[in-house]
Amino acid sequence: MKLRIMNPEELKRAYETDLVEAFPPAELKPLSAMERMRAAGIYDPLGLFDEAGEPVGYILLWKHPDGQYILIDYLCVPAKRRNGGIGGKLLRLARDFYPPDTIFIGESEAPTGDPAADSMILRRLDFYRRNGAASLSYDCALFGVHFRTICWAAQLPAEDEILRRHQEIYLRQFGPERYRRYIQIPLAPGEAPYPLSDWTEGPADPPAVP
């Protein structure tokens, strides 16, 4: 199997088939946003392909401009390929794809208190822990969805540094006004997420340079 950056046609096919199947609308940004971010050099859509050239998994990565901090935007294994260890392989190969000092930030949906919904949420959190994720002390909320924050690093930086880079990734994309409207990093203990809304880029803001 080989991990590589997908071309635009491969990304479109992955989005229209496997990503829309795997993620609810509230958690899936538009394909057009991914394409713009890729064109700006801050988005690496990686696909894992088998010997026949068929995709067996995807890990889409959103990069801080410094190149050292990378947000795991989506991790997806097609339905017919699940439960075969591919998700863990994707995480390992992605870490090997970048320099050893790269810090990977992850966001995994937080338990809701609904046992039916939380079964899958808790399984996902356990999967990340089994695959080397460190749990951070702060949560976040994005467009009204509450997430736990996790991290992978050969040497874990100070958490306030991770938090600052996490904030900057979103602030540089959205600008100050939209960031305040949709993004809560961190989500304070007891603070409620904003009302649920779809990913939006809204009217252009001046670029933010923290």
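**Figure 1. Phe 143 in the loop between strand 6 and strand 7.** In this predicted model, Phe 143 sits in the loop that runs from strand 6 (134–142) to strand 7 (145–152). Its phi is positive, about 55°, although Phe 143 is not a glycine. Most residues other than glycine have a negative phi. Phe 143 has a relative accessible area of 4% and is therefore buried.

Figure 2. Asn 83 is a residue other than glycine with a positive phi, near 65°. Is Asn 83 buried or exposed? Asn 83 counts as exposed, because its relative accessibility is 78% and the exposed class begins over 50%.

**Figure 3. The cis peptide bond between Ile 185 and Pro 186.** Omega of the bond joining Ile 185 and Pro 186 is about 0°, and the bond is cis. Most peptide bonds are trans. Pro 186 belongs to strand 8, which spans residues 183–187.

**Figure 4. Cysteines Cys 76 and Cys 151.** The structure contains 0 disulfides. For Cys 76, the closest cysteine sulfur is that of Cys 140, 20 Å away and so too far for a bond. For Cys 151, the closest cysteine sulfur is also in Cys 140; the separation is 13 Å, again too far for a bond. The cut-off for a disulfide is a pair of sulfur atoms within 2.5 Å. Cys 76 is buried at 2% relative accessible area, and Cys 151 is buried at 1%.

Figure 5. Eight strands form an open sheet with mixed pairing, in the order 1-2-3-4-5-7-6-8. Strand 1 (2–5) and strand 8 stand at the edges; each has a single partner strand, so one side of each lacks a neighbour in the sheet. Neighbouring strands of the sheet are turned against each other by 30° on average, direction ignored.

**Figure 6. Pairing of strand 2 with strand 3, and helices on the sheet.** Strand 2 (residues 43–49) pairs with strand 3 (residues 55–63) in the antiparallel sense, over 7 bridges. Pro 45 has Leu 60, in strand 3, as its bridge partner. Helix 3 lies across strand 1, strand 2, strand 3, strand 4, strand 5 (103–109) and strand 7, and runs at about 45° to strand 3. Helix 4 (residues 115–130) also packs on the sheet, where it touches strand 4, strand 5, strand 6 and strand 7. The direction of helix 4 makes about 165° with that of strand 5.

Notes. Residues are numbered from 1 along each chain as its sequence is written. This is a predicted model: local features need pLDDT of at least 70, side-chain atom pairs count only at pLDDT 80 or more; totals for chains, interfaces and linings use all residues. Side-chain values use heavy atoms; hydrogens and water are left out. Helices (H or I, at least four residues) and strands (E, at least two) are DSSP runs, numbered from the N terminus. Buried means under 20% relative accessible area, exposed over 50%, partly exposed in between (1.4 Å probe, protein chains only). Two strands pair if DSSP finds at least two bridges between them. Axes are lines fitted to C-alpha atoms, for helices over the stretch in contact, and angles run from 0 to 180 degrees between N-to-C directions. Contact means heavy atoms within 4.5 Å.
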